[in-house]
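The following note accompanies the structure shown below.

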Amino acid sequence: MAKRGSGEGSIYEEAPGKWVASITVGYAFKDGKRRRIRKKFSAPTRKAVSSKLKTALEDQQNHASIAPNVRTVGWFLNYWIDEVVAPDDGLKPKTVVFYRYIVATHLLPALGSIRLESLTPAHLQALLNDKRKSLSVRTGKPLAPRTVTGIKRTLQTALERALDDGLIKRNVAAAKHRREGAKKTSPALAVRFLQVDEAHALLASAREEPLYYALFATILSLGLRLGEALALRWEDIDLDGRQLHVRHTLQKVNGEFALFEPKSARSRRSVALPAITIAALSGHIERQREAQTWAGSGWKGNVWDLVFTSTVGTPLDERNALRILQDKILKRAGLPKMRIHDLRHSAAALLIAQKVNSRAISEILGHSSVGFTLEVYGGLLKEVKQDAADRMNSILAPRPAVAPSLAPSGIPERVN
């Protein structure tokens, strides 16, 4: 067998008058081992096969599909779930469960038999249109808009891997480029937040729900995410030092509660406690001790020593917390329905109203950057920006001229 030419890649003479070249087009897992998928080319001369190889390499760089066998969307999604998603330690178990659910329930039945390279935006649009009219098997109600969005985003994420592996030419689920000059909708317009008087009304109503009052007071005053609040342990709170440390988030995976690291490094943070939050938590710990005494051997508190628990010490469920907020607290206060996450938005809005600078707000909320805070809440900062302009004007505006002294030069004015 002749040697491969320098710089020609995998080229060799397989038989007299038959030159062969091969190129790696992707990877597959078999028997627990990662194996290369290779595409072969043949030609009667070295020059001819080298030309084919060069074209294939250029196509690969342009993300052209040169996979040797017919690959279906179903084949790739199963591969993506089992060999890419499941082994990824960086993904939270809840995310893996969500991807598996979307793939098995929505993507495989509708798109699984389509050739991967033949998938088009029209296929995806037809699926999304159908899902918007479908009913949930579990609830019998129309699918929630966020579920439909989750279907598109899951497919987009999976196809991004196929694109990277050179199995497709483009990601048909990728977000379209915004038209030049098109106005971007501010995220702040999509959120609901409480005014000062509404925040007072909510807290007053929440006091009638002893099990949940401290939870909602903490979220509203500190802008915590619900998972961060539910994951708080008493060791994370220093009432004397007026500090609270966000170190975990609570999630329910396959029916079991588990603590995970926060969503980002900036989410892991320490915040100062307002007096109202200290009072709420101080009262809460006393009520929790009373509940533990009453429960006796029925107390099921776990080793985490969570701050917010049920009357028998088990972690609070997000759905129960939302039900209490919407069906009792908000209704009793005469406030419109809102999400628990809107209390976090309300915390930001209240801080902005108090002229707290954006960097401090970003750190309190645990945002990835100040830029993200400005993007989300920029619309609420107009009043603050105007106040800053007025302050600058008061500093730099011309001052009234002072009348000159009439005293002769060199003679000090008389002081009475």
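**Notes on the predicted model**

1. One aromatic cluster is formed by Trp 75, Phe 76 and Tyr 79. The structure discussed here is a predicted model, and the count of aromatic pairs in it comes to six.

2. Among the aromatic pairs is that of Trp 80 and Tyr 99, which is tilted, with 5.1 Å centre to centre and 55 degrees between the planes. This pair links distant parts of the chain, as Trp 80 belongs to helix 2 (residues 73-85) and Tyr 99 to helix 3 (residues 93-111), 19 residues apart. Trp 80 counts as buried because its relative accessibility is 3%, under the 20% cut-off. Tyr 99 is likewise buried, its relative accessible area being 14%.

3. Tyr 99 also forms a tilted aromatic pair with Phe 98, at 6.3 Å centre to centre and with 50 degrees between the planes. The relative accessible area of Phe 98 is 37%, so this residue is classed as partly exposed; that class lies between the cut-offs of 20% and 50%.

4. Which elements give two or more residues to the lining of the second largest pocket? The space in this pocket is about 340 Å³, and 13 residues line it, with Ala 199, Leu 220, Ser 221, Ile 276 and Leu 350 nearest its centre. The elements in question are helix 6 (196-206), helix 7 (210-222) and helix 11 (341-353). Helix 6 gives the most, with four residues.

5. The lining of the second largest pocket holds ten nonpolar and three polar residues, and no charged ones.

6. As to confidence, the mean pLDDT of the protein is 80, and 79% of its residues reach 70 or more. Among the elements, the lowest mean pLDDT, 67, belongs to strand 2 (residues 18-30), and the highest, 96, to strand 4 (residues 237-238). Over residues 28-33 the pLDDT is below 50, and this stretch has eight contacts in the model beyond near neighbours in sequence.

7. A further stretch to be noted is residues 177-190, where pLDDT stays under 50. For these residues the model has nine contacts beyond four places in sequence. Where pLDDT is low, the predicted coordinates should not be read in detail.

How values were computed: Residues numbered from 1 in each chain as written. Predicted model: local features only at pLDDT ≥ 70, side-chain atom pairs only at ≥ 80, totals over all residues. Heavy atoms only, no water. pLDDT = per-residue confidence, 0-100. Contact = heavy atoms within 4.5 Å. 1 Å grid on protein atoms, 1.4 Å probe; cavity = no way out; pocket = protein on both sides within 12 Å on 5 of 7 lines; lining within 4 Å. Points joined across faces, edges and corners; volume = space filled by probe spheres on them. Nonpolar A, V, L, I, M, F, W, Y, C, P; charged D, E, K, R; others polar. Phe/Tyr/Trp six-rings, centres within 6.5 Å; stacked < 30°, edge-to-face > 60°. Buried < 20%, exposed > 50% of the residue type's maximum accessible area, 1.4 Å probe, protein only.
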